[in-house]
Amino acid sequence: MHICRRDRPRSRPRATSWVAAAAALALLSACGRAAGSGGGKVEVVGSFYPLAWAAQEVGGARVHVLDLTPPGVEAHDTNLSARQVAQVEGADLILILGYLGFQPQVEQAARHASGRVAQVSEGIHLRPSEERGLSADPHVWLDPVLMEQITLTMSRALVAVDPGGKSGYEQRAARVAGQLSALDSSYRSGLSSCHFTSFVMTHEAFGYLAEQYGMQQIGIEGLTPEAEPSADQLRTAETAISQGKAAPAVFFEGTAEGERIGRTVAASVGVPALPLGTLEFDPAPGNYMSVMRANLANLEKGLQCG
């Protein structure tokens with residue numbers, strides 16, 4: 001699968017005028033309309049990797065997909081240049097989770113888009129957030145059941161902008177939905193008989209998944225992994241593990257900072273540190289399905305399942 005990636009962001013967000021945006025649109029290169037699509041393909045922008053992945057899987061050869069989040073950068077931290085704003089504003093279909101405060105610059109650009117904006121979290125009961133700037137927990141894509149719902153919402157949006165591709169979109173969406181349903185079955189089976197049902201996670205991204213499969217997540221950093229964990233958060237996590245109330249492991253997201261914090265906490269209580277991919281950026285050479293399967297394997301190991 002080829003998903004066109006965005007340029008690495010500037011160090012700070014920059015205001016973008018309509019003149020600058022128009023100029024940037026005219027200069028699109030390898031990741032833009034001129035070189036990337038051709039042949040009248042539907043221009044689709046995914047605000048971050050899981051949406052771009054699903055759009056390519058459902059869209060097939062009829063779409064050209066741009067992933068706005070660069071490799072190694074958490075979706076929370078996505079900043080847009082003038083060129084990227086122009087691509088959002090000129091796309092046929094813009095896929096965002098919703099106006100949640102999750103990716104503020106993307107959400108702002110989407111408000112000025114000329115194409116169709118699909119808020120793929122519509123119809124999903126969102127977990128509340130107490131963190132500044134976030135109206136809800138955005139991590140719905142880490143629950144296979146909710147990701148299946150997102151995929152079907154995306155398919156309907158593609159049909160709306162390109163009715164001629166309806167049959168193909170629906171067929172491919174059904175195939176992806178079937179894969180996600182099978183993934184859900186694997187999670188239900190694999191997590192059905194675990195010695196522990198609570199686990200410590202650095203970035204508190206697995207609330208939806210934990211809720212879906214009868215588990216409890218104990219977060220160290222919170223929903224946005226931007227600050228050092230507080231002494232109270234560390235104490236709570238360490239106490240839960242040492243008292244046997246949580247699995248004897250610390251799970252961390254696949255960033256350098258997440259791994260540093262996870263391994264530090266794990267070492268302090270003498271337990272292993274295990275990775276869980278949050279899929280906020282392209283995990284190449286893997287993909288959504290391979291990362292989710294690896295996550296299940298590590299959860300089974302850490303929670304002592306089977």
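How many bridges join strand S8 to S9, and how do the two strands run? Some notes on this below.

1. Ground rules. This is a predicted model, where local features need pLDDT of at least 70 and side-chain atom pairs count only at pLDDT 80 or more, while totals for chains, interfaces and linings use all residues. Residues are numbered from 1 along each chain as its sequence is written, and side-chain values use heavy atoms, with hydrogens and water left out.

2. Back to S8 and S9. Three bridges join S8 (residues 250-252) to S9, and the strands run parallel. Val250 has Ala273 in S9 as its bridge partner. Strands (E, at least two residues) and helices (H or I, at least four) are DSSP runs, numbered from the N terminus; two strands pair if DSSP finds at least two bridges between them.

3. The sheet. Four strands make an open, parallel sheet, ordered S7-S6-S8-S9. S7 (216-222) and S9 (273-275) are at the edges with a single partner strand each, so one side of each has no neighbour in the sheet. On average, neighbouring strands are turned by 30° against each other, direction ignored. Axes here are lines fitted to C-alpha atoms, for helices over the stretch in contact, and angles run from 0 to 180 degrees between N-to-C directions.

4. H6 against H7. The axes of H6 (residues 144-161) and H7 come within 8 Å and cross at roughly 175°. That makes H6 roughly antiparallel to H7 (angles over 145 degrees count as roughly antiparallel, under 35 as roughly parallel, 65 to 115 as roughly perpendicular, the rest as oblique). Their contact (heavy atoms within 4.5 Å) has 13 nonpolar, three polar and five charged residues. For the classes, Ala, Val, Leu, Ile, Met, Phe, Trp, Tyr, Cys and Pro are nonpolar, Asp, Glu, Lys and Arg charged, and the others, Gly among them, polar.

5. H3 against H7. H3 (residues 49-59) packs on H7 (residues 166-190) at about 125°, with the axes 7 Å apart. That makes H3 oblique to H7. From H3, Trp53, Glu57, Val58 and Gly59 take part, meeting residues of H7 including Tyr169 and Arg172. This contact has five nonpolar, two polar and three charged residues.
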